[in-house]
Amino acid sequence: MENKRSHGREILAHVVLIILAFMCLFFFYILIINATRSHAQLQLGFSALPGSSLVTNFKNVINDPAIPILRGVLNSLIVSGCCAAIVTYFSALTAYGIYAYDFRLKKAAFTFIMAILVMPTQVTALGFLRLITNMGMDDSLLPLIIPSIASPAVFYFMHSYMQSSLPKDLIEAARIDGSMEFSTFNRIVLPIMKPAIAVQAIFTFVGSWNNYFIPALVITSKNKQTLPIMIATLRGADYMNFDMGKIYMMITIAIVPIIIIYLLLSKFIVEGVTLGGVKE
Amino acid sequence: MATLNLKGITKIYPHSGGQKKPKKGAPEKKTNLQVTDKGVVAVQQFDLDIRDKEFIVLVGPSGCGKSTTLRMVAGLEEISGGELYIDGKLMNDVEPKNRDIAMVFQSYALYPHMTVYENMAFPLKLRKMPKDEIDRRVKEAAETLDITQYLDRKPKALSGGQRQRVAIGRAIVREPKVLLMDEPLSNLDAKLRNQMRAEIIKLRQKINTTFMYVTHDQTEAMTLGDRIVIMKDGFIQQIGTPQEVFDHPANLFVAGFIGMPQMNFFDAQLKNEGGKYSVSVGGCTVELSEEKQANLTAHGVAAQDITLGVRPSHMVLSKEPGNTLSATVEVSEMMGSEVHFHANAGGKDVVVIVPTMDAEGQHIDSFHAGDQLNLTFSGSVCHIFDHEGRNLEF
């Protein structure tokens, strides 16, 4: 009786999970299927079977002189990759400073950083735009990368992770062993922070990859556009010459790097979510 | 290999923002550390001269300032007052890495992403030592500590005892002037602790260095130390060899802290009749030994109410009541070769240790709860403390 009940529960759980998995993955499936269909086929309505226009759509996207897609992919990769690298390194460094050292106004510094967390990007956008224009950095990829050095959310995550996983004894042991402060951070702290860095790197990468707001304000020239802006440009084009197959192909190209990054780092993400909760 | 001189070392933790000097009448905290306008005084006027290759153990209850003192020697805590010399050089403001000391932590503090070999080689690499020299030293230390077979493993694949060996290995590869150990055995289970204690004694014979060891376990202190420093509330209570502090505790605290089971204490009277000192407790009067007589006379001690201390193993069972202290057995603990009787003598708890067999192998009569004991003690083994807890013989 007991066995039967638990069996039933298991089946129910699997059904729910299958539905959820279907809901999550179905849109990706449709996207990829649609990328293989021509505009005419797409206008006929929904089909679960792939079409034959994959190569044509791909060629159309690649060869469109109005939209330098490969340049867009490269720009997005540069911006997202740099953002992920510097946000994790500098946030970990800041968190380490607050965590490992005792200094006056330590608590105030922490509170100040946390206060920035509640400030929406839109509020500071105008000031930011004026600043980079005055600095002569408009229409450049740099203003999309550099501000990510200061990321209170990532700082907070790193700080919490250090509290749970970085014993101060380790830092002191390194000091006694003869390690300089920067070297302790790079050689001892960073490797211990790897799971946290991987989690934040992927979140930042995805966030930056999908970011539309700031690039739309900053970037004006075509060869500096990132992918979200290019897709928006295509959608805003003349409705009569609107090629849906091309748009689907473009979105497919846009999400592929994200999927690859996720697959590469998924082990760390799962570890990062569960780590810290269990003391060894 | 170095001498270590601590002269009037003091540590004051300043009040942080929200933490003010407690008001009068505020509930007392667990420790009785002195609080001044400057902050909480964790260590007060610590004076100690440690000889070359000496093994010094700092022992005391939690919060007594022993770890703080060790951390000041290591350079991990700033010294608020006093002077620290290592080999005659003033070290107050010298960085930890330049003090030529090594430290073993309670939590092992091994770098989790490095193998045992890399952990042990790390301090040598930082000193830019040639690779073959690093290799030689690491292997030699691993050999000494019997961890050669684990050199390629990561710390998480090791047991607690093995991890602590690696931590010790990392400390000794550098051949430091002073080896500091902060409760290195506290995280191990009882059996492993005994084993590691013996290992540390052996290690000490193999490597020539000065040891400073912190523990709250008096057994560790007694077995390891050449000299023991007993601390309480930031003050040194007594410095001496294990035998000295056991035989001649300077005050009530030391008497109670050193020795297992704890020393028995009685309210008693010190009498001086015709120049002869005797103690009287609950109908039992015992004349003091020659040595004690001489000490008390030398200090001109007057007859007074005292606290009398007698160790459980020094309590003697007397067959006949008479000039004895009577007590009622409450609990008896069979320990194998001896029995510990917990008894009540006029409202005071008394522990008496009695062997289960005499020298001829005859079982000695046992006692049960409710039985009456007639206790006495020798005038050479009792300890006399005044109402402030000071040993009157000092």
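Reader: How far apart do the C-alpha centres of domain 1 and domain 2 of chain B lie?
Author: Quick heads-up: this is a predicted model, where local features need pLDDT of at least 70, side-chain atom pairs count only at pLDDT 80 or more, and totals for chains, interfaces and linings use all residues. Residues are numbered from 1 along each chain as its sequence is written, while chains are lettered from A and ligands numbered from 1 in the order in which they are written. Chain B splits into domain 1 (4-13 + 31-255) and domain 2 (263-385), with bounds from an automatic or database domain assignment. Between the C-alpha centres of these two domains of chain B, the distance is 38 Å.

Reader: How many residues does domain 2 of chain B bring to the contact with domain 1?
Author: Contact here means that the C-beta atoms of two residues, placed from the backbone, lie within 7 Å. Domain 1 of chain B puts in 4 residues, and domain 2 of chain B puts in 5 residues.

Reader: And chain A: which element gives the most to the side of domain 1 that touches domain 2?
Author: Chain A has domain 1 (2-60) and domain 2 (68-274). On that side of domain 1, α1 (2-35), α2 (39-43) and α3 (54-63) of chain A each give two or more residues; helices (H or I, at least four residues) and strands (E, at least two) are DSSP runs, numbered from the N terminus. With 4 residues, the top contributor is α1(A).

Reader: Which are the edge strands of the open sheet in chain B?
Author: The sheet has 5 strands in the order β14-β13-β12-β15-β21, with antiparallel pairing; two strands pair if DSSP finds at least two bridges between them. An edge strand pairs on one side only, and here these are β14 (284-287) and β21 (383-385) of chain B.
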